[in-house]
Every structure is written in C-alpha cells, then in structure tokens.
Amino acid sequence: MGKVLYVVIPCYNEQEVLPETAGRLYEKLKGLVQKGRIAAESRILFVNDGSKDATWPMICSLAASNPVYGGVNLSRNRGHQNALLAGLETAAAHADMIVSMDADLQDDINAIDAMIEACEAGNDVVYGVRSSREKDTFFKRSTAQSFYRIMRLLGADIVFDHADYRLLSRRAAQALLSFDEVNLFLRGIVPMVGFPSTTVAYERGERFAGKSKYPLGRMISFALEGITSLSVKPIRMITLGGMSVCIVSLIMLIKAFADYAAGNVEPGWTSLIISIWVLGGLQLFAVGIIGEYIGKTYMEAKGRPRYIIESVLLREDGEVE
C-alpha cells in the first residue's frame with residue numbers, strides 16, 4: 001500500500017477556481033490510489049486565509065460531500081505563507097507526504113507523480129521547478145530572474161524558478177514547523193531544513209480563473225520580505241558604502257586644499273547640490289533598510305502567533321474511491 005498523501009492549498013478569494021481545482025485534484029488522487037501509488041486515506045486540504053467571498057462556504061460544502069476534502073479556516077487573513085504553514089501543521093499529523101500548491105491551477109498537477117517517485121527514491125524535499133518562462137511577459141520574466149540572482153548574491157540558498165509547489169516528507173514538514181520565526185519566506189527556509197532533496201521540472205500554465213493575488217506592489221513587498229528575512233548582507237553593504245563615501249570625501253577634501261593652495265578656486269554650486277542630493281538619498285536609503293530589520297526584530301520580539309486556526313474540517317473515516 002502507498003503512503004498517505006495530503007495536498008495543501010492556501011486559498012484567498014478563490015471561489016471562481018475552487019470547484020475546478022477540487023475536481024481535478026480529486027481525479028488525480030483517485031488515479032494515484034488506483035495505481036497503488038498512495039493510500040486511500042489521502043486528502044485534499046484547503047486553507048481559507050480569511051477570504052471575503054464564498055471560498056469557505058464552498059470548502060465546507062466540499063468537505064460535507066466527500067471525506068477526501070478537508071478544510072482549515074484561519075480566524076483572519078494572515079497571508080499566503082502563514083496559510084500554507086497552517087495547512088502543513090494540520091497535515092503533518094496525518095500524512096506521510098505533503099504536496100503544497102496554489103489554487104489557481106497554474107502548477108501542473110501531473111508533476112505530483114514524479115514528486116512521489118522522487119520521494120520514494122529517498123528524497124525528503126522535492127521542489128517543483130518551472131521548465132521555462134516563455135509564457136511570462138518580458139517584465140515579469142526579467143524581474144523574477146533578477147530576484148533569484150539577487151537572493152543568491154546575498155547568500156540565500158534558494159532554488160531557482162521554484163515557488164511554493166513542493167513535496168515534503170513528514171519529517172521534513174515537522175522540521176520546517178520547528179522554525180518559529182514570524183517573518184516567513186518559505187522558499188528560503190525550506191532549503192535550511194536539509195535532508196535529501198531534488199527537483200522536478202514542469203510547465204507552468206495560465207491561471208484558470210480569478211485574479212492574481214500578487215500584483216506588482218505585493219511582489220515587491222514579497223521580494224523585500226525574502227531578502228531581509230534571509231540575509232544581513234544589505235546592512236553590510238550599507239557599511240561598505242559608508243566607508244566608500246568617507247574615502248571619496250577624504251580624497252575630495254585633499255583635492256580642495258590642494259586647489260586652494262594653488263589658487264585654483266571656482267564656485268562649485270552644481271557639484272555641491274549633487275553631493276547633497278546623493279548623500280541625502282544614500283542616508284535615507286540606509287535608514288530605510290535598517291528600519292526594515294529593526295521592524296522585523298520588533299515583530300519577532302513580540303512573540304505573537306503567526307496565525308490562529310478558527311476551525312478544522314477533516315474526516316478520517318473515509319477513503320478516496
């Protein structure tokens with residue numbers, strides 16, 4: 001008999017795509033059970049992240065109609081990463097393997113077969129990696145690639161072209177849950193867990209329905225969260241930048257004295273204004289980066305819960321048929 005698989009899906013205002021997602025995943029799990037790849041006790045677990053539409057009532061209806069569907073309802077919106085972690089925490093108590101994916105059906109569910117095979121081969125973490133970005137716009141493709149390169153440059157151990165489509169074994173999920181930091185960036189934290197890992201390539205499709213939950217503003221915020229959560233190199237770069245400015249200032253001071261001694265003094269309004277604006281901008285930028293780290297330290301020191309689970313719908317008496 002195969003291992004118990006849970007598919008965890010964070011949901012925020014996904015009423016338009018949820019019925020299709022539920023149907024496709026059910027057929028996928030049904031096929032895997034029939035092939036003996038997974039146990040009949042496997043489940044599809046939707047996590048409602050404080051949706052404002054009919055997402056949670058739809059999850060309740062699915063859970064009532066078929067025991068293969070389960071639901072976790074957060075007390076309020078806590079963000080995609082926290083919702084995903086809440087689902088992992090619930091699933092880790094029952095599953096041998098956990099696959100996390102988004103509800104929009106852009107991730108190819110057929111890649112689950114290869115993920116299970118990789119897990120059976122001894123890998124505790126299997127990353128779903130995009131095989132190409134040809135369907136992305138030039139702007140999105142270039143900014144995404146730049147983000148991964150910057151993260152690598154700053155020392156973050158991040159898997160290139162990987163989002164949150166991955167498989168975790170039970171021990172990998174439990175190890176991930178032992179990280180108690182509030183500022184979550186799972187794409188960077190999961191590799192810190194260690195354990196054997198590999199990748200599975202897949203072709204990412206178009207969103208089936210609804211709107212993207214990551215417009216440009218949220219993408220920038222997410223990238224900033226990842227950078228400041230995983231690396232202190234930006235602060236070190238500020239230090240090096242400050243030292244460089246001091247050295248340049250010292251050189252300019254020596255030059256000014258030399259020009260004064262030679263009687264070669266001319267009004268320097270342009271250079272003065274440029275210097276003021278450049279140094280002022282650097283100072284504000286530096287204060288902003290330091291503020292990000294101080295703010296994160298403040299949030300961590302409070303020790304507030306990352307999420308609060310209001311209710312869980314999960315039946316253990318049924319099987320995938």
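This is a predicted model: local features need pLDDT of at least 70, side-chain atom pairs count only at pLDDT 80 or more; totals for chains, interfaces and linings use all residues.

Reader: Fine. Where does the charged end of Arg171 sit?
Author: Over the ring of Phe195. The distance to the ring centre is 4.1 Å.

Reader: Now ring against ring. How many aromatic pairs does the structure hold?
Author: Three. One of them is Tyr26 with Tyr69, and that pair is tilted. The centres are 6.3 Å apart, with 40° between the planes.

Reader: Which parts does that pair tie together?
Author: Tyr26 lies in helix H1, residues 18-34, and Tyr69 lies in strand S3, residues 69-74. So the pair links parts that are 43 residues apart in sequence.

Reader: Is Tyr26 buried or exposed?
Author: Buried. Its relative accessibility is 16%, and the cut-off for buried is under 20%.

Reader: And Tyr69, buried or exposed?
Author: Tyr69 is buried too, with a relative accessible area of 7%.

Reader: What about Tyr165 and Tyr202: why is the pair edge-to-face?
Author: Because their planes are at 90°, and planes over 60 degrees apart count as edge-to-face. The ring centres are 5.1 Å apart.

Reader: Where do those two lie?
Author: Tyr165 is in strand S6, residues 162-169, and Tyr202 is in strand S7, residues 197-202. The pair therefore ties together parts 37 residues apart in sequence. Both Tyr165 and Tyr202 are buried.

Reader: Which residues form the aromatic cluster?
Author: Tyr26, Phe46 and Tyr69 form one cluster. Phe46 also turns up in the contacts of Thr21.

Reader: OK, Thr21 then. Where is it found?
Author: In helix H1. Thr21 is buried, at 0% relative accessible area.

Reader: What is Thr21 in contact with, leaving aside neighbours within four places in sequence?
Author: Ile9, Phe46, Ala103 and Leu105.

Reader: Switching topic. Where does Gln81 lie?
Author: In helix H3, which covers residues 80-92. Gln81 counts as buried because its relative accessibility is 7%.

Reader: What joins the side chains of Gln81 and Asp164?
Author: A polar contact of 3.2 Å.

Reader: And how are Gln81 and Leu184 placed?
Author: They are 103 residues apart along the chain, yet their C-alpha atoms are separated by 6.5 Å.

Reader: Now zoom out. How many helices and strands are in the chain?
Author: There are 10 helices and eight strands.

Reader: How much of the chain counts as buried?
Author: 45% of its 321 residues.

Reader: Last one. Among contacts between residues at least 6 apart in sequence, what share joins residues at least 24 apart?
Author: The share is 83%. The Tyr26 and Tyr69 pair spans 43 residues in sequence, and the Tyr165 and Tyr202 pair spans 37.

How values were computed
Residues are numbered from 1 along each chain as its sequence is written. Side-chain values use heavy atoms; hydrogens and water are left out. Helices (H or I, at least four residues) and strands (E, at least two) are DSSP runs, numbered from the N terminus. Buried means under 20% relative accessible area, exposed over 50%, partly exposed in between (1.4 Å probe, protein chains only). A polar contact is a pair of N or O atoms within 3.5 Å; within protein, one must be able to donate a hydrogen and the other to accept it, and residues adjacent in sequence count only if both atoms are side-chain atoms. Rings of Phe, Tyr and Trp (its six-membered ring) pair if their centres lie within 6.5 Å; planes under 30 degrees apart count as stacked, over 60 as edge-to-face and the rest as tilted. A charge sits over a ring if NZ of Lys or CZ of Arg is within 6 Å of the ring centre and within 35 degrees of the ring normal. Contact means heavy atoms within 4.5 Å.
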